[in-house]
Amino acid sequence: MHNGNLKLYAELGELARFVEHAIRALSQAGAPIASSSTGLPAATAHLIDLSKLTEDGALEVMRLTELIQDNRSRMLKELGAISEILETVDCTTLAQRLQKTVSGLAQDDKLLMEIMTALSFQDLVAQRVKKLVGILNDVQDKLMELVVVFGIQEDVNGAAVTGKTGELLKQLEASKTTAIKQNVADEILAQFGFN
Amino acid sequence: MPADPNMKILVVDDMTTMRRIVKNILKQLGFANIEEAENGQEALQKLRAEPFGFVVSDWNMPVMTGIDMLRAIRADPQLKTLPVLMVTAEAQQANLVEAIQAGVSNYIVKPFTAETMQEKLQKIFK
């Protein structure tokens, strides 16, 4: 009976050591997780900036394209009017040459429209950025859960975690999840002579 | 029946860039009476306030998506026959099927060209 108890105690002691080791390993893994987690808001901000920059760029190209289209439209009308005048004063050859030039210029309208429609890439970029930001936010939330579970409250440089991460940690600190787990492990250890 | 160049067209998209592109293409195709809305809800308000002949809409928009707006249009006795063209980056087959089931008049996948828009318009208003 006595031997049976000793064997049981030994096995429970082994189990307690394993639990403590596992908790320490998880805590060590928490530091890089916390570090990565604090970098995610910056990555999100960069992506949002990227989307804004492409939008600004696309709108500027669009504005300039529209200006060119308007100028060309005015020029084509003017050239058409000149061509008509030339025909009325029997300068047929000159009028025909002018008409040919007008037709050539009209081909550019199609190209300008293609430039305009090619700018729709910006909408696709914005939609993909939005999806990426969603994914990053999700990953950040998951990492935050891990950080809180492991009780990591400082970054790799030892500085206190600030910003959203710090705020979340503070909010979630009340749960004392890690402390409770560690307490349980310490209790078991104490019961088996670990001090 | 060919499209009336004077009909009022509503372009619905949350992106300024896309609204300007679509407006510009429509302008080039001879349609000058164009209004804009930033989401499905704003579009529905405009559609219920004044008569429109055609709607060009994005799918992904905040407040109310294009597909929800389309369903609302088809459920509204005053608007149910209004032609709606979806212009969207949602290129999955399931999205297209969903749009067809919701009663879309035609469907353009981004990025697109002016020719595609013209072709779709001709099909809708043939």
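This is a predicted model: local features need pLDDT of at least 70, side-chain atom pairs count only at pLDDT 80 or more; totals for chains, interfaces and linings use all residues.
B:Pro111 sits in the loop that runs between β5 (106-109) and α5 (114-124) of chain B. The peptide bond joining B:Lys110 to this proline is cis, with omega at about -5 degrees.

Another loop of chain B, the one between β3 (54-57) and α3 (66-75), holds B:Val63. Phi of B:Val63 comes out near 70 degrees, so a positive value turns up in a residue other than glycine. B:Val63 has 63% relative accessibility and therefore counts as exposed, the cut-off being over 50%.

Now to the interface. The size of an interface is often given as the accessible area lost when the parts come together. For chain A and chain B, the buried area is about 1700 Å², and carbon and sulfur atoms give 57% of that. On the chain A side, the residues losing the most area to chain B are A:Met113, A:Thr117 and A:Asp123, which together make up 27% of what that side buries. In terms of residues, the contact draws 20 from chain A and 21 from chain B.

One of the salt bridges pairs the side chains of A:Lys130 and B:Asp14, at 4.0 Å from N to O. On the side of chain A that touches chain B, α1 (2-88), α2 (92-118) and α3 (121-150) each put in at least two residues. Sorted by class, that side of chain A has 8 nonpolar, 5 polar and 7 charged residues.

Methods. Residues are numbered from 1 along each chain as its sequence is written. Chains are lettered from A and ligands numbered from 1 in the order in which they are written. Side-chain values use heavy atoms; hydrogens and water are left out. Contact means heavy atoms within 4.5 Å. Buried area is the accessible area (1.4 Å probe) that two parts lose on being put together, summed over both. Helices (H or I, at least four residues) and strands (E, at least two) are DSSP runs, numbered from the N terminus. Ala, Val, Leu, Ile, Met, Phe, Trp, Tyr, Cys and Pro count as nonpolar, Asp, Glu, Lys and Arg as charged, and the others, Gly among them, as polar. Buried means under 20% relative accessible area, exposed over 50%, partly exposed in between (1.4 Å probe, protein chains only).
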